[in-house]
Amino acid sequence: MIILASKHLAVYCNLLFCFLAGFVSAETVTVTVGTDAVLKCSYDANYYGRLSACWGKGTIPNRGCANEVLKTDGTSVISRLSERYLLMGNLGRGDVSLTIRQVEEQDSGVYGCRVEIPGWFNDQKRHVTLKVNAVPPNPLRIEAREVKERTVTIRWSLVFDGGRPITAYRIDIKNKQTPWETKKTTELHDSSLTHVTLVDLSPSKTYNLRVFAINSMGMSETSNVLTITTKEAAPEGPPLDMQLVALSSSSIKVTWKPPKAELRNGVLRGYNINYREYDAVAKQFKRWQYLNVAATREQETVTLVNLKPSTMYGVLIQAKTIAGVGPASNAPLCSTLDEIYATSATSATPSTSATSRTSTTPSSLSTSTTSTTPSPSATSRTSTTPSSLSTSTTSTTPSPSTISTTFYAATVWEQSTASISGVPPNPPVIELKKVDGNSFSLFWNIGSEGDSPITGYFLEYKAVNASWDYTKNAVDFGAHETEATIIEMNPSTYNVRMFAKNSQATSAASNVLTITTGEAGHQTDILITSMMPYTASPLKSPSPHLIGIFVAVGLLVVTGAILTTWQLRRLKQKKGTLSIWLGNGEVRYTDCESLHEL
């Protein structure tokens, strides 16, 4: 009886403890950083009516909620730790589930819900374990801020970092016509970046750009793919295969081909043809004459007319796009043909026969040259011959009105001698922030603004052995910008300088920086495929399956040897005889006792 009573007492104590502590249910909720978490908790409002409830972070104490984050009186929320904690359920039906907006990793932990049911030890308790996992950053949204002939500036807004700080950005660029496998990749280890400038692009080319954000959990999905076309530039190459051929005493045919396709820098609009006469007596060239023709084909031809006979001419040809004129191609001097005199005699009557002086061409084209005199009448020269034939030699030229000439006129406006002289800003002082692979970051300090506020800056860059050329290599920046990150598409050693400008003038050049990019090697492909660290072994390990077979066989051999030795000792102690030998691959034995024990 005593033993039975003690057992009943233990059961009663356990029941009493559970009764006093109340029944506590539990569950686990797993979410990712940045999402909303819903922790379930409810009671029967139809039976109890509206009841007070509270939520706290931590296990539920004997009274109230530990580290209370929210409390309700059953009708509305009467207190909360922050606006992130909400009751989104229907309180009238007893739904007091806690919603945590935009959870963070530090929100992980145990949460307790207590519903205050009237009566002793009647409170309903519920524990919910919240696990918040960090993730890679959200994808970026990029846009082009400025597109020029050889540069493009892109920008993006900061995005949700996935619960871990963004450590780098990866930028991919490729020609539009090629697959992404041909991309050039640059990784920028600066989490504060919101824009970057890519330089050394080709004019009038179409590119695709995309950007990734990276944190310790991995790489974001790709941004939107930006398609940009750089602006046209003046051609960088001269026309090819220019040839001059004299057609007559007054014309020269010029033929040429367009510049190389990769040096055209846009759509060819036409050609400027410059030609001038060479004075052999004075040994100098005379003034240039100009002719403009449209670009129509891959083999261009033009004929220069109204030239002087037996005269040397020099010709230069320049291709042009909408952006400007390229370098000139030239050819050796070419001379027009000499004038040739042809005489034709007609014998009809004892009267005169006319002898005319003409100029013929190899192409059988008849060209008449006009020689005008103050007298409007023609001058004839007559000589008498013994045969009494009258020979008249007349030098005639066409009237000036018969020559068709195209004139290209240009209006030159006189410039006013009065000018407004303003004080330019002081040149900025630029400093190198860091070099990261084929990119570099710099910042600049602002000096005096001059007569008016600074309206912007422009950065010039060039190869270390090249000359400065603002029309090719310049990047513009706003008046409030003081730092920039530049990506070199062709890593090398560059000189960099900067100018400040206001509405009146442009400053002198800043100090010149010499920067070498690409020393760490230009990566053409970067893949981030695993979030767990991986350590490569210098030697290839054998297969685990093969190791298991070797271990099992070894254990069987050792075990068999031990058992055999033990049984032999037992038989020897019983004074029995045992002979074991191998014959024909079989085990044979003789013994005076039973071998059942074996």
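A polar contact is a pair of N or O atoms within 3.5 Å, where within protein one atom must be able to donate a hydrogen and the other to accept it. In this predicted model, the side chain of Q106 makes such a contact with the side chain of E104, at 2.5 Å. Q106 sits in the loop between β7 and β8. Its relative accessibility is 54%, and because the threshold for exposed is over 50%, Q106 counts as exposed. Q106 is 27 residues from N133 in sequence, while the C-alpha atoms of Q106 and N133 are 10.0 Å apart in space.

The chain as a whole gives the setting. Its secondary structure comes to three helices and 40 strands. The protein chain has 598 residues, of which 33% count as buried. Among contacts with a separation of 6 or more, 64% are between residues 24 or more positions apart.

In soluble globular proteins, nonpolar side chains tend to be buried together. The largest nonpolar core here has 29 residues, and L39, W55, V96, L98, I100, V115 and L130 touch the most other members. The elements that give two or more residues to this core are the strands β1 (24–32), β2 (37–39), β3 (53–57), β4 (68–72), β6, β7, β8 (109–115) and β9 (124–133). Apart from this core lies another, of 22 residues, with I142, I166, V196 and I228 among them.

With residues up to four places away in sequence not counted, V115 touches C41, Y43, L51, S52, A53, V96, D123 and Q124.

S97 is placed in the loop between β6 (85–87) and β7 (98–100). S97 has a relative accessibility of 6% and so counts as buried, the cut-off being under 20%. The side chain of S97 makes a polar contact of 2.8 Å with the side chain of D95. Beyond four places in sequence, S97 touches V38, L39, K40, C41, W55, L86, L87 and M88. Two of these residues, L39 and W55, are also named among those that touch the most other members of the largest nonpolar core.

V159 and R141 are 18 residues apart in sequence, and their C-alpha atoms are 8.7 Å apart.

Most residues other than glycine have a negative phi. N265 has a phi near 60°, a positive value in a residue other than glycine. K283 is another non-glycine residue with positive phi, near 55°. The loop that holds N265 runs between β19 (251–257) and β20 (270–279), and the loop that holds K283 runs between β20 and β21 (284–285). What of their accessibility, buried or exposed? N265 is buried, because its relative accessible area is 4%. K283, at 64% relative accessibility, is exposed.

S507 is found in the loop between β37 (493–502) and β38 (513–516). With a relative accessible area of 5%, S507 is buried. Neighbours within four places in sequence aside, S507 is in contact with P424, P425, N426, P427, P428, F499 and A500.

Rolling a probe the size of a water molecule over the atoms shows where empty space is left. How many cavities of 30 Å³ or more does a search of the whole structure find? The search finds one, and the volume of the largest cavity is about 50 Å³. The lining of this cavity consists of L188, H189, D190, L193, K434, D436, S439, F440, S441 and T485. Two elements give two or more residues to the lining, β32 (429–436) and β33 (439–445). The most comes from β33, with three residues. By class, the lining has three nonpolar, four polar and three charged residues.

Technical notes: Residues are numbered from 1 along each chain as its sequence is written. This is a predicted model: local features need pLDDT of at least 70, side-chain atom pairs count only at pLDDT 80 or more; totals for chains, interfaces and linings use all residues. Side-chain values use heavy atoms; hydrogens and water are left out. On a 1 Å grid over the protein atoms alone, a cavity is a set of points where a 1.4 Å probe fits but cannot get out, and a pocket is an open set with protein on both sides within 12 Å along at least five of seven lines; lining residues have an atom within 4 Å of a point. Grid points are joined across faces, edges and corners, and a volume is the space filled by probe spheres set on the points. Helices (H or I, at least four residues) and strands (E, at least two) are DSSP runs, numbered from the N terminus. Ala, Val, Leu, Ile, Met, Phe, Trp, Tyr, Cys and Pro count as nonpolar, Asp, Glu, Lys and Arg as charged, and the others, Gly among them, as polar. Buried means under 20% relative accessible area, exposed over 50%, partly exposed in between (1.4 Å probe, protein chains only). Contact means heavy atoms within 4.5 Å. A nonpolar core is a set of buried Ala, Val, Leu, Ile, Met, Phe, Trp, Tyr and Cys residues joined through side-chain atoms within 4.5 Å.
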